[in-house]
Amino acid sequence: MSDDFYIKQHKKTVISSNRCNSSIEIGDYAIDQGFLLQFPGVSLALFLYLITHANERHVLETNPTIISTYLPNSYNIADINDGLKYLEKHDIIELSQKRDGDYTYQIRVNPANLGNGFARQEKTNTLNHDLPQEQNTVNSNTDPQNNEERPECLYYDQREIRKKVLTIKDPSRSELFQAILTFIPPEENITLLETTITQWLEDFDCKLIKELIRRVNKWLEKYNNPTDRAFRYLKGIIDDWYQKEIGSYQDLKYFDQLFRETRELAQMYGLVDWHNVKPIHMKTFSRWLNEDFPLSSAVVKFAIKEAFRRKKDGQPSLKYIEDNFISLWKKNKVRDCQQAVSLLKKNDAKSHKRKVSTGAKAESNISKQGSWEDFSWDFE
């Protein structure tokens, strides 16, 4: 055996998981030749995110808010924008705005343009994708309308991420974004939803978004609902908040209390589904229960029931109930249903007496004027 023959074990550290679909390899020689020197600040983290999430053509669509969910909270949106501009300036990426009116970009990564010459030898696999090209699109669907690749949400049903965010006292917007992504099923177009979710994070405060995640998670776990319906349930809550103009956690607490107080009354009134209960309904019911002379819940229920019984030509309006029952009982300080019934009978008797009196007067006037037969029908 020759003296100069030896075996050197090649050391490799792989940071990955079974769900990994794309990765890069950076050798020690690349580091020695100045690879890290080309990426100041956030630009290295940006480059690693972009190169691992691009498709086989090195292209992806994303925006700074999405990218922020993968980076430490010490980097804000302005830092990410500066990092993207740096990579673009040095021809490491090509950046183009994909849609007018938002900050979604189509980004092409150019690893061959990295400096110091080592990255230009891309065929030597100093920096390359580990997977064969046909496997590199596992993370995408095809949009049947335009035949374009559509990325899936890799966070779908990652419950550990969701639970971790819920344990954080004041989660950041990027952490909340990640938790929302765990509800988005594969059939949804994540590219189109990115802007929508970003808008939610603009319109609602972080504490409110955290409560949204908690409620949807509870809906899944406590009631054993199907995971693929969670995002639809989440959007239903969001739509209700927009309708009720709930923008903060304090707003939600106020409406939650109103809803708890008035839920039975709303159901008796015919508002079975919670999304049909409007603020005007809750505030009106609450006024009956709390303002001026507060009526008991039993008395208000009796008013609604009696209104439906008497008004048989359709659902009585809240104004009809208030004018004919609530106002009368508040004025007379009615404390229970027995007093309400008694007062209602007295009021009905007075009303009947007035009708009889009015009818008698009308008949008397007709008698004085003569009957129809007394009129002359001669038109000559």
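**Exercise 1. The nonpolar core**

Which residues of the largest nonpolar core touch the most other members?

*Solution.* The structure under study is a predicted model.

Step 1. The largest nonpolar core holds 83 residues, and those touching the most other members are L50, I197, W241, I321 and W329.

Step 2. Helix α8 supplies the largest share of this core, with seven residues.

Step 3. The surroundings of W241 can then be listed. Leaving out residues up to four places away in sequence, W241 touches F204, L208, L212, I246 and L252.

**Exercise 2. Helix α13**

Step 1. Just after the helix, K333 adopts a positive phi of about 55°.

Step 2. A salt bridge joins the side chains of E322 and R287, with an N to O distance of 2.6 Å. R287 is partly exposed, at a relative accessible area of 27%.

**Exercise 3. Salt bridges within and between helices**

How many salt bridges does the structure hold? Contrast the pair E306 and R310 with the pair E221 and K163.

*Solution.* Step 1. The total is 13 salt bridges.

Step 1. E221 and K163 form one of them, their closest N and O atoms being 3.6 Å apart. E221 is located in helix α8 (residues 206–221) and K163 in helix α5 (residues 159–167), so the pair ties together parts 58 residues apart in sequence. Both partners are partly exposed: E221 has a relative accessibility of 39%, and K163 has one of 42%.

Step 2. The side chains of E306 and R310 meet at 2.9 Å, N to O. Both residues lie in helix α12 (residues 297–310), four residues apart, or about one turn of the helix.

Step 3. The burial of the two partners is then compared with the 20% cut-off. E306 counts as buried because its relative accessibility is 8%, whereas R310, at 33%, counts as partly exposed.

Step 4. Salt bridges can also join into networks, and one such network links E211, R214, R215 and D256.

**Exercise 4. Aromatic pairs**

How many aromatic pairs are there? Classify the pairs Y49 with Y70 and W219 with Y233.

*Solution.* Step 1. The count is 16 aromatic pairs.

Step 1. The ring centres of Y49 and Y70 are 4.7 Å apart and the planes stand at 40°, so this pair is tilted. Y49 lies in helix α2 (residues 43–53) and Y70 in the loop between α3 and α4, so the pair ties together parts 21 residues apart in sequence. Y49 is buried, at 8% relative accessible area, while Y70 is partly exposed, at 32%.

Step 2. For W219 and Y233, the ring centres are 4.4 Å apart and the planes are at 10°, so the pair is stacked. W219 belongs to helix α8 and Y233 to helix α9 (residues 230–244), so the pair ties together parts 14 residues apart in sequence. W219 is buried at 13% relative accessibility, and Y233 is partly exposed at 25%.

Step 3. Ring pairs also link Y269, F285, W288 and F308 into a cluster.

**Exercise 5. The setting of T65**

Is T65 buried or exposed, and which residues does T65 contact beyond its sequence neighbours?

*Solution.* Step 1. T65 is placed in helix α3 (residues 64–68).

Step 1. With a relative accessibility of 15%, T65 counts as buried.

Step 2. Setting aside neighbours within four places in sequence, T65 is in contact with I77, F177 and T198.

Step 3. The C-alpha atoms of T65 and I197 are 9.7 Å apart in space, although the two residues are 132 residues apart in sequence.

Note on methods: Residues numbered from 1 in each chain as written. Predicted model: local features only at pLDDT ≥ 70, side-chain atom pairs only at ≥ 80, totals over all residues. Heavy atoms only, no water. Helix = DSSP H or I, 4+ residues; strand = E, 2+ residues; numbered from the N terminus. Buried < 20%, exposed > 50% of the residue type's maximum accessible area, 1.4 Å probe, protein only. Contact = heavy atoms within 4.5 Å. Salt bridge = Lys/Arg side-chain N within 4 Å of Asp/Glu carboxyl O. Core = buried A, V, L, I, M, F, W, Y, C linked by side-chain atoms within 4.5 Å. Phe/Tyr/Trp six-rings, centres within 6.5 Å; stacked < 30°, edge-to-face > 60°.
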